[in-house]
Amino acid sequence: MKLFGTDGLRGRAGVFPLDARSLRTVGHEVGASVRREGGRAVVLGGDTRESTPEMAGDLAAGLGSAGCEVAFAGIVPTPAVAELVLALSAGAGISVSASHNPHEDNGVKVFGSDARKWPDEKEEALEKRLLAGQAAHPDRLPRGEGVRRPPPIDPSLARIYLARLLSRLPRRLHDVTALLDAGNGAAYRLGPQALEQAGCRVTAIGNRPDGRNINEKCGALHPDGMARETRESGASMGVALDGDADRAIFSDETGRLLDGDDVLWIVATRWKAEGRLKEGGVVGTVMSNFGLEAALAREGIPFHRAAVGDRNVAQLMEETGSALGGETSGHILFAPLSPSGDGIQTALVVASILSDEGRPLSELATLEKSPQALRNVRVSRREPIQSSPALSRAIEKARAALDGRGRVFLRYSGTEPLLRILVEGTDEAEVTAIAEELEVAARSALS
């Protein structure tokens with residue numbers, strides 16, 4: 001059993017490995033690691049799910065048992081936890097969030113003292129402890145241990161986070177109106193505040209969380225409503241964040257949706273003109289549209305593809321000396337600004353470019369993409385794709401049909417029981433038909 005995916009622990013709240021005993025083990029092990037390395041404080045925060053306060057309480061109890069102080073930020077974006085680790089010189093940070101998953105799920109993301117995701121070896125050691133504890137005590141807490149409440153919220157932590165974001169803007173923004181959909185998630189307060197303090201005129205939607213409506217028909221997972229309201233309101237730009245606000249999907253003033261590939265194109269061309277884009281160029285992923293790679297090549301900007309996951313993007317950026325990287329999903333990394341992807345940071349960067357250019361966003365978002373189709377197939381098991389003869393034949397047929405004019409790529413999600421199917425080519429109708437055939441084959445083989 002592998003507990004850690006591409007983005008920490010994630011699963012059904014209250015169920016192993018997100019039960020109370022396991023969470024206290026996580027807290028204790030993170031705290032013990034911090035103490036061994038000479039640290040004392042750990043930053044803790046989370047999103048708006050109804051399960052988050054109790055989970056934070058269990059993690060805090062575990063941290064306390066290891067002799068760590070807890071700086072509890074309350075409801076803050078996951079990247080805010082990483083920023084606060086740096087601001088406070090803390091030994092680690094823990095965010096309680098399942099990002100874009102439904103409200104029944106939750107998760108735990110751990111950051112080291114460098115504000116980067118915990119290294120694989122530490123996750124593997126913690127995973128062994130969790131599995132051993134679950135085998136020995138599958139159903140119950142130690143006697144007398146009930147629900148733990150999180151420590152008091154320190155309101156200064158949110159202000160510190162906002163100050164760090166705003167300090168990176170070269171100047172106050174002007175003539176930018178923004179429609180922000182916070183997805184009823186962790187940025188429901190801080191997202192609008194950041195843009196307003198930067199100088200934007202902001203209208204916020206998806207900013208009334210009730211513990212269960214996070215990501216529900218809103219935010220980065222469902223950006224159509226944001227795009228429609230952007231167009232109808234006459235805003236300069238729209239932005240939709242996911243549940244923990246590390247992703248951002250945009251809309252231009254016409255209501256056209258812009259994903260992470262569009263953002264990379266806008267920022268890369270601007271930074272190249274300003275001399276801020278390093279020789280390493282831009283890092284995308286295996287899911288990035290080929291149109292981005294081709295467009296950057298025409299501009300003389302190197303492009304590198306990493307495996308999916310911000311950790312993989314960050315690693316390849318470091319290896320290639322790239323200043324900019326990200327995923328189609330809207331998770332963007334700006335090496336000169338922060339080690340962590342941050343949807344609010346991304347919104348501020350795009351708004352800053354829009355303010356300086358003095359042109360509509362539609363005139364900046366000029367990336368021409370190759371026709372692409374993405375399908376998600378829910379699976380009951382994660383068998384190697386090549387172990388299914390029928391699915392393998394379907395993939396071979398698809399690649400033969402494209403005949404070098406496109407690509408087919410299949411991978412399992414690192415956070416959900418899904419098989420993701422990507423088909424890219426030159427003809428939209430052909431791409432759609434091939435994707436549908438692969439989806440049928442995958443459902444038959446793996447559902």
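Hi everyone, and thanks for coming. Please keep in mind throughout that the model is predicted.

If you look at the handedness, α5 passes α6 in a right-handed crossing. Which residues make the contact? On α5 they are Ala158, Tyr161, Leu162 and Leu166, and on α6 they are Leu190, Gln193, Ala194, Gln197 and Ala198. Sorted by class, the contact of α5 with α6 has seven nonpolar residues, two polar ones and no charged ones.

Let's stay with α6 for a moment. Which of its residues are buried? They are Leu190, Gly191, Pro192, Ala194, Leu195 and Ala198. The cover over those buried residues of α6 includes α5, β7 (177–181), β8 and α11. Then, just after α6, you come to glycine 199, which takes a positive phi of about 115°.

Now back to α5, which has another partner to show you. Helix α3, residues 78–88, packs with α5 at an angle of about 90°, and here the axes are 9 Å apart. With that angle, α3 is roughly perpendicular to α5. From α3, the contact is made by Pro79, Ala80, Glu83, Leu84, Leu86, Ala87 and Leu88, and from α5 by Leu157, Ile160, Tyr161 and Arg164. In terms of class, the contact of α3 with α5 has nine nonpolar residues, no polar ones and two charged ones.

Let's move on to strands. A quick reminder: strands of a sheet pair through backbone hydrogen bonds, either parallel or antiparallel. Strand β3, residues 41–46, is mostly covered, with five of its six residues buried. Its pairing with strand β4, residues 69–75, is parallel and has six bridges. Within that pairing, valine 42 stands opposite valine 70 in β4.

Next comes an open sheet of five strands. In what order do they run? The order is β8-β7-β9-β10-β11, and the pairing is mixed. At the edges stand β8 (201–205) and β11 (257–258); each has a single partner strand, so one side of each is left without a neighbour in the sheet. Inside the sheet, strand β9 (residues 237–241) pairs with strand β10 (residues 248–251) in the antiparallel sense, over four bridges. There you can find glycine 238 opposite serine 251 in β10. Lying across β9 and β10 is helix α11, residues 343–357, which runs at about 170° to β9.

Seven antiparallel bridges pair β16 with strand β18, residues 418–424. For valine 377, the bridge partner in β18 is leucine 419.

One more helix pair, then. The axes of helix α8 (residues 260–274) and helix α9 (residues 290–298) come within 10 Å and cross at roughly 10°. That makes α8 roughly parallel to α9. Asp261, Leu264, Trp265 and Ala268 in α8 meet Leu292, Ala295 and Leu296 in α9. By class, the contact of α8 with α9 has six nonpolar residues, no polar ones and one charged one.

Last stop: arginine 399, in helix α13, residues 389–402. Why does arginine 399 count as partly exposed? Its relative accessible area is 48%, and partly exposed covers what lies between the cut-offs for buried, under 20%, and exposed, over 50%.

Terms used. Residues numbered from 1 in each chain as written. Predicted model: local features only at pLDDT ≥ 70, side-chain atom pairs only at ≥ 80, totals over all residues. Heavy atoms only, no water. Left-handed = near helix turned anticlockwise from the far one by under 90°. Helix = DSSP H or I, 4+ residues; strand = E, 2+ residues; numbered from the N terminus. Contact = heavy atoms within 4.5 Å. Nonpolar A, V, L, I, M, F, W, Y, C, P; charged D, E, K, R; others polar. Buried < 20%, exposed > 50% of the residue type's maximum accessible area, 1.4 Å probe, protein only. Pairing = 2+ DSSP bridges. Axes fitted to C-alpha atoms, helices over the stretch in contact; angles between N-to-C directions. Parallel < 35°, antiparallel > 145°, perpendicular 65-115°, else oblique.
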